[in-house]
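I wanted a first tour of this structure. These are my notebook entries on what I looked up.

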Amino acid sequence: MKITLSKEKMLERCRKAGGLEPLRTDCTVEVSAGIDVNGHLELMLRKWYLDLLDTGDRELVAADNIAASVTAALNEGDTGGAVLTMPALCRRVFDVKMRGWATGTTVLPASEYGRVASLQLNPFTAATAAFPVAVSLPGATAGRAADVAVWPATASPRAEAVVAALDPGADYYTLDERALGELEKLMRS
């Protein structure tokens with residue numbers, strides 16, 4: 001189930017999983033090393049979350065349909081098709097379905113771009129509405145998903161569905177509830 005937790009709630013879960021809470025009231029412990037435990041946990045938690053969005057198991061990422069915030073334009077190159085530009089908060093794109101396609105398709109990694117683009121030059125291997133193809137474009141910048149090339153494209157391309165992992169910012173964590181089990185494993189190690 002998809003959940004959204006504030007930074008404070010995630011930090012609380014992190015502290016509990018790491019054995020730092022609940023606090024005992026029958027004793028006191030004083031530490032004078034000057035370590036900001038919450039600050040350290042916040043950094044670790046943010047890194048874990050971004051890694052989850054960028055490379056984690058798709059089932060643990062609470063992906064959204066962001067088609068309304070994606071812009072599509074015809075690709076003027078030799079291979080045709082269209083290019084989808086992702087919004088800034090998009091970290092990874094899983095699936096795409098364009099208007100006019102019979103079905104959606106999984107987005108292939110950027111390493112497949114050259115092969116897929118060359119297939120579009122041959123009418124016998126080119127994508128069709130029944131067998132579309134989508135591939136990430138090379139050159140993604142850190143923290144933002146790459147644009148996606150799609151084939152075939154209509155005269156005025158429009159995305160009907162773009163399933164992607166989004167980063168809501170440093171103050172919120174949106175994920176599948178099962179991902180919290182992975183966080184607990186990390187805290188225990």
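The entries below go from ground rules to sheet, pockets and loops.

**Ground rules.** I am working with a predicted model, where local features need pLDDT of at least 70, side-chain atom pairs count only at pLDDT 80 or more, and totals for chains, interfaces and linings use all residues. Residues are numbered from 1 along each chain as its sequence is written, and side-chain values use heavy atoms, with hydrogens and water left out.

I looked up the strand order. The sheet is open, has eight strands and reads β2-β9-β5-β6-β7-β8-β4-β3, with mixed pairing. Here helices (H or I, at least four residues) and strands (E, at least two) are DSSP runs, numbered from the N terminus. Two strands pair if DSSP finds at least two bridges between them. At the edges I found β2 (64-65) and β3 (71-74), each pairing on one side only.

**Strand β5.** Next I checked how β5 is held. β5 (residues 90-98) and β6 (residues 105-108) run antiparallel and share two bridges. D95 has T106 as its bridge partner in β6, and V96 has T105. Towards β9, β5 is also antiparallel, with seven bridges. There V93 stands opposite A164.

Buried means under 20% relative accessible area, exposed over 50%, and partly exposed in between (1.4 Å probe, protein chains only).

I then followed the chain out of β5. Most residues other than glycine have a negative phi.

**On to β7.** β6 pairs in the parallel sense with β7 (residues 133-136), over two bridges. L108 stands opposite V135 in β7.

α2 was my next stop. Helix α2 (residues 37-55) packs on the sheet and touches β5 and β9 (159-166); contact means heavy atoms within 4.5 Å. The direction of α2 makes about 25° with that of β5. Axes are lines fitted to C-alpha atoms, for helices over the stretch in contact, and angles run from 0 to 180 degrees between N-to-C directions.

**The second largest pocket.** Its volume is about 220 Å³. A pocket is an open set of points on a 1 Å grid over the protein atoms alone, with protein on both sides within 12 Å along at least five of seven lines; a cavity is a set where a 1.4 Å probe fits but cannot get out; lining residues have an atom within 4 Å of a point. Grid points are joined across faces, edges and corners, and a volume is the space filled by probe spheres set on the points.

Of the 14 lining residues, R91, S136, A140, A145 and A146 are the closest to the pocket's centre. β5 gives the largest share of the lining, three residues. I sorted the lining into seven nonpolar, three polar and four charged residues. Ala, Val, Leu, Ile, Met, Phe, Trp, Tyr, Cys and Pro count as nonpolar, Asp, Glu, Lys and Arg as charged, and the others, Gly among them, as polar.

**The cavity.** How many cavities of 30 Å³ or more are there? I found one. The largest cavity has a volume of about 30 Å³. M98, R99, W101, P152, A153, T154, P157 and R158 line it.

P152 lies in the loop between β8 (148-151) and β9. The peptide bond from W151 to P152 is cis, with omega near -10°.

**Strands β1 and β10.** β1 (residues 2-6) and β10 (residues 172-176) are antiparallel, joined by five bridges. K2 has D176 as its bridge partner in β10. I3 and L5 form the covered face of β1, and K2, T4 and S6 the uncovered one.

**A loop residue.** Last, I looked at T28, in the loop between α1 (7-17) and α2. T28 counts as exposed because its relative accessibility is 78%.
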